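Work through the following exercises with the sequence and the coordinates side by side, and try each task before reading its solution.

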Amino acid sequence: MQHAATIHQLRQLLAQRFPVAAPRHGLFFSTGVLPLDDALGGGLWKGTLTEISTPPDAAGCLTLLNAILCASARERRPIALIDGADGFDPQPVDPAVLAHLLWVRCRDTAQFFKAADLVLRDGNLPIVLLDLRGCARAELKKIPNTTWYRLQRIAGQSAVACLIATPWFMVSSAHCRVQLQGAFRVADLDRPSEELFAAMDFQVVRRHGLGGNIAEAV
């Protein structure tokens, strides 16, 4: 009963904040990060899952996600963040950016996938960010491939662009996989975002039939 009530409340929130589906012109949305857009062949492709993996010794994924939030806000485009480990810190984010954000805080992967399923099916948020970094390794290892293929079917039907941040490659149905490399120190956080992104290495290891290009799959 508690889960049903939570889902009902989330549906009400979606209807109140994003009552009209955003127009879906074009094939992709720019992330606002030029090196990543170039690696993806334009940006986040609609109706697909894009996986970006950050190894334990690398940094920068949080900065990247914040940049995507800011880019969506500039376009007045609503966006969702399903926060698997409740690790997102809204304090440094501009309130004008947060006004366009639906932030779903999750306690475990079961709650995470229920929220992801609902938000992707709704289709009123053109970009959905799924963040699994920080989730318990044991829980992540239990996620079956069928779960990812189900989410891919839902995203394809609703034409939602979905970016999944993971600690290692695990999204078997991802159309595009990107390895994010880039080790930073605490002092680097004071540098302009453009400098940080320029220092990052976005290595595409899979791209299936996006924009007419097919890269080698791994």
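**Exercise 1.** Is His100 buried or exposed?

*Solution.* The model is a predicted one, in which local features need pLDDT of at least 70 and side-chain atom pairs count only at pLDDT 80 or more, while totals for chains, interfaces and linings use all residues. Residues are numbered from 1 along each chain as its sequence is written, and side-chain values use heavy atoms, with hydrogens and water left out. Begin with the position of His100, which is in the loop between α4 (95–98) and β5 (101–105); here helices (H or I, at least four residues) and strands (E, at least two) are DSSP runs, numbered from the N terminus. Next take its relative accessible area, which is 18%, so His100 is buried, given that buried means under 20% relative accessible area, exposed over 50% and partly exposed in between, with a 1.4 Å probe and protein chains only.

**Exercise 2.** Determine which residues of α7 are buried and how they are arranged around the helix.

*Solution.* Helix α7 covers residues 145–158, and its 14 residues reach 20 Å from the first C-alpha to the last, close to the 20 Å expected at 1.5 Å a residue, where the expected span is 1.5 Å times one less than the number of residues. The buried residues of α7 are Thr147, Trp148, Leu151, Gln152, Ile154, Ala155 and Ser158. Seen down the axis, these buried residues fall within an arc of 165°, so they line one face of α7; the arc is that of the directions from the helix axis to the C-beta atoms. An α-helix has 3.6 residues a turn, so residues three or four places apart point the same way. On the other side of α7, Thr146, Arg153 and Gln157 are exposed.

**Exercise 3.** Describe how α5 is enclosed, and examine its two ends.

*Solution.* Of the 14 residues of α5, 10 are buried, so this helix is largely enclosed by the rest of the structure. Among the buried residues of α5 are Phe112, Phe113, Asp117 and Leu118. At the start of α5, a side-chain oxygen of Asp108 comes to within 3.2 Å of the backbone nitrogen of Ala110. After α5 comes Gly123, whose phi is positive, near 75°.

Notes:
Polar contact = N/O pair within 3.5 Å; in protein donor to acceptor, adjacent residues only side chain to side chain.
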